[in-house]
Amino acid sequence: MNIEEKIKRINELYHKSQAEGLTEAEKEEQARLRAEYVANVRANLKSQLDNISIID
């Protein structure tokens, strides 16, 4: 599952939770997907920061 699909699924689960609530399995899936998304964002930010050169 690529990042766009994960974001789409996170949003689907969020909207479902607001409308009717989630099952325990869906809550676990939502937490796992959110954790994967945050890890991906952190890795991308770290990669960008690692490639920055400060010139004095």
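Asparagine 51 is exposed, with a relative accessible area of 62%; exposed here means over 50%, buried means under 20%, and partly exposed covers what lies in between, for a 1.4 Å probe and protein chains only. The model is predicted, so local features need pLDDT of at least 70 and side-chain atom pairs count only at pLDDT 80 or more, while totals for chains, interfaces and linings use all residues. Residues are numbered from 1 along each chain as its sequence is written, and side-chain values use heavy atoms, with hydrogens and water left out.

Asparagine 51 belongs to the segment after H2. From asparagine 51 to alanine 31 is 20 residues in sequence and 31 Å in space, C-alpha to C-alpha.

The next topic is the packing of the helices. Two packed helices are described by the angle between their axes and the distance between the axes. Here, helix H1 covers residues 3-19 and helix H2 covers residues 24-50; they pack at an angle of about 140°, and their axes are 10 Å apart. The axes are lines fitted to C-alpha atoms, for helices over the stretch in contact, and the angles run from 0 to 180 degrees between N-to-C directions. The angle makes H1 oblique to H2, because angles under 35 degrees count as roughly parallel, those over 145 as roughly antiparallel, those from 65 to 115 as roughly perpendicular, and the rest as oblique. H1 passes H2 in a left-handed crossing, a term used if the near helix is turned anticlockwise from the far one by less than a right angle; if clockwise, the crossing is right-handed.

Which residues of H1 and H2 make the contact? On the H1 side they are Ile3, Lys6, Ile7, Arg9, Ile10, Leu13, Tyr14 and Lys16, and on the H2 side Glu26, Glu29, Gln30, Leu33, Arg34, Glu36, Tyr37 and Asn40. Contact means heavy atoms within 4.5 Å. By class, the contact of H1 with H2 has seven nonpolar, two polar and seven charged residues. Ala, Val, Leu, Ile, Met, Phe, Trp, Tyr, Cys and Pro count as nonpolar, Asp, Glu, Lys and Arg as charged, and the others, Gly among them, as polar.

Glutamine 30 lies in helix H2 and is buried, with a relative accessible area of 10%. Not counting residues up to four places away in sequence, glutamine 30 touches Ile10, Leu13, Tyr14 and Leu22. Glutamate 29 is also found in helix H2. With neighbours within four places in sequence left aside, glutamate 29 is in contact with Arg9 and Leu13. Glutamate 29 is 19 residues from isoleucine 10 in sequence, and their C-alpha atoms are 8.7 Å apart.

The structure holds seven salt bridges, each a side-chain nitrogen of Lys or Arg within 4 Å of a carboxyl oxygen of Asp or Glu. One of them joins lysine 6 to glutamate 36, with the closest N and O atoms 2.8 Å apart. Lysine 6 lies in helix H1 and glutamate 36 in helix H2, so this pair ties together parts that are 30 residues apart in sequence. Lysine 6 counts as buried at 17% relative accessibility, and glutamate 36 counts as partly exposed at 28%.

Glutamate 36 also forms a salt bridge with arginine 32, the closest N and O atoms being 3.1 Å apart. Both of these residues lie in helix H2, four residues apart, about one turn of the helix. Arginine 32 is partly exposed, with a relative accessible area of 43%.

Another salt bridge is formed by the side chains of lysine 16 and glutamate 26, at 2.7 Å from N to O. This pair links distant parts of the chain, lysine 16 in helix H1 and glutamate 26 in helix H2, 10 residues apart. Lysine 16 counts as partly exposed at 25% relative accessibility, whereas glutamate 26 is buried, with a relative accessible area of 15%.

Methods:
Helix = DSSP H or I, 4+ residues; strand = E, 2+ residues; numbered from the N terminus.
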